[in-house]
Amino acid sequence: MDCGVITSKTVLLLLSLVFWAAAAGLSYVGAYVINTYKNYDHFLQDKYALLPAVIIICVAVVMFIIGLIGCCATIRESRVGLGLFLVIILIIFVAEVSAFVLGFIYREKVKTDVQSTMRAVFHKYDGKSAEADVVDYLQEQFQCCGVNNYSDWTTTPWFNSTGNNSVPMSCCKQDIKNCTGQLSEPQDLNTEGCAPKVELGLQSVLSYAMLVILGFAIIKFFGMMSVCVLTCKREDSGYQPLYSGVFA
């Protein structure tokens with residue numbers, strides 16, 4: 001058994017072992033992206049933005065079974081098992097590349113999507129509805145006010161109906177105790193808009209997910225190369241595997 005075979009088997013065994021860790025990692029990333037997007041679902045019109053995260057979770061579901069197949073096929077040096085392992089890795093590789101491309105596409109769409117949808121939600125603000133609670137929560141958590149800046153509130157029906165020249169109390173700075181939300185006292189308000197902060201948060205999460213996908217795709221590529229090397233070496237040398245069984 002030459003160095004190429006030993007190296008290829010080592011790579012495949014390590015690849016099989018990391019499938020379980022990969023399943024846990026991908027599940028975490030997918031769930032984190034979905035959870036993050038759900039927190040901002042009022043501001044995201046295109047629900048297909050979740051598609052990359054769904055693909056990640058679907059890939060993670062089959063990881064455990066694939067790890068078993070990989071270990072068994074590699075140890076037994078089964079041509080059928082290695083072929084099956086190669087096909088599975090190839091399918092996952094294609095899915096991960098697709099998720100990476102989709103993530104890149106939707107990362108660019110986040111900005112326009114958030115801007116348009118957030119304006120619509122802020123326009124419906126009435127201080128009482130569930131959407132109003134979401135807006136207040138968003139402004140308090142991100143310490144922001146309005147879509148692009150605090151003056152955006154002057155164009156909303158809520159501002160005109162109150163007639164007191166003020167913004168919601170959620171725009172007040174957290175360290176100001178006697179804040180009244182008056183536009184005449186901008187020093188008491190968070191003047192930065194919420195849209196840039198939400199866009200940055202969503203794009204950062206999506207970039208992190210894309211980086212993880214790319215890393216696993218590279219691992220799958222080396223795994224496919226190792227399967228090819230091991231299969232070709234076995235055919236060339238004609239040696240018999242130590243084990244025989246189901247995958248032989």
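Gln182 sits in the loop that joins helix H6 (157-162) to helix H7 (195-237). Helices here are DSSP runs (H or I, at least four residues), numbered from the N terminus. The model is predicted: local features need pLDDT of at least 70, side-chain atom pairs count only at pLDDT 80 or more, and totals for chains, interfaces and linings use all residues. Residues are numbered from 1 along each chain as its sequence is written, and side-chain values use heavy atoms, with hydrogens and water left out.

Gln182 has a relative accessibility of 24%, so it counts as partly exposed. The cut-offs are under 20% relative accessible area for buried and over 50% for exposed, with partly exposed in between (1.4 Å probe, protein chains only). Residues up to four places away in sequence aside, Gln182 touches Asn164, Asn165, Ser166 and Leu189. Contact means heavy atoms within 4.5 Å. Cys172 lies 10 residues from Gln182 along the chain, and their C-alpha atoms are 9.4 Å apart.

Asn165, one of the residues touched by Gln182, is also in the loop between H6 and H7. Its phi is near 55°, a positive value in a residue other than glycine. Asn165 is partly exposed, with a relative accessible area of 38%. Gln143 belongs to the loop between H5 and H6. Phi of Gln143 is near 50°, again positive in a non-glycine residue. Gln143 is partly exposed at 39% relative accessible area. Most residues other than glycine have a negative phi.

The largest nonpolar core holds 62 residues; Leu26, Phe85, Met118 and Trp153 touch the most other members. Such a core is a set of buried Ala, Val, Leu, Ile, Met, Phe, Trp, Tyr and Cys residues joined through side-chain atoms within 4.5 Å. H7 gives the most to this core, with 13 residues. Beyond its neighbours within four places in sequence, Phe85 contacts Leu12, Leu15, Ser16, Phe19, Ile66, Gly70 and Val227.

The axes of H2 and H4 come within 9 Å and cross at roughly 160°. H2 is therefore roughly antiparallel to H4, a label for angles over 145 degrees. Axes are lines fitted to C-alpha atoms, for helices over the stretch in contact, with angles from 0 to 180 degrees between N-to-C directions. Leu51, Pro52, Ile55 and Val59 in H2 meet Ile92, Ala95, Glu96, Ala99, Leu102 and Gly103 in H4. The residues of this contact divide into eight nonpolar, one polar and one charged.

Terms used
Helix = DSSP H or I, 4+ residues; strand = E, 2+ residues; numbered from the N terminus. Parallel < 35°, antiparallel > 145°, perpendicular 65-115°, else oblique. Nonpolar A, V, L, I, M, F, W, Y, C, P; charged D, E, K, R; others polar.
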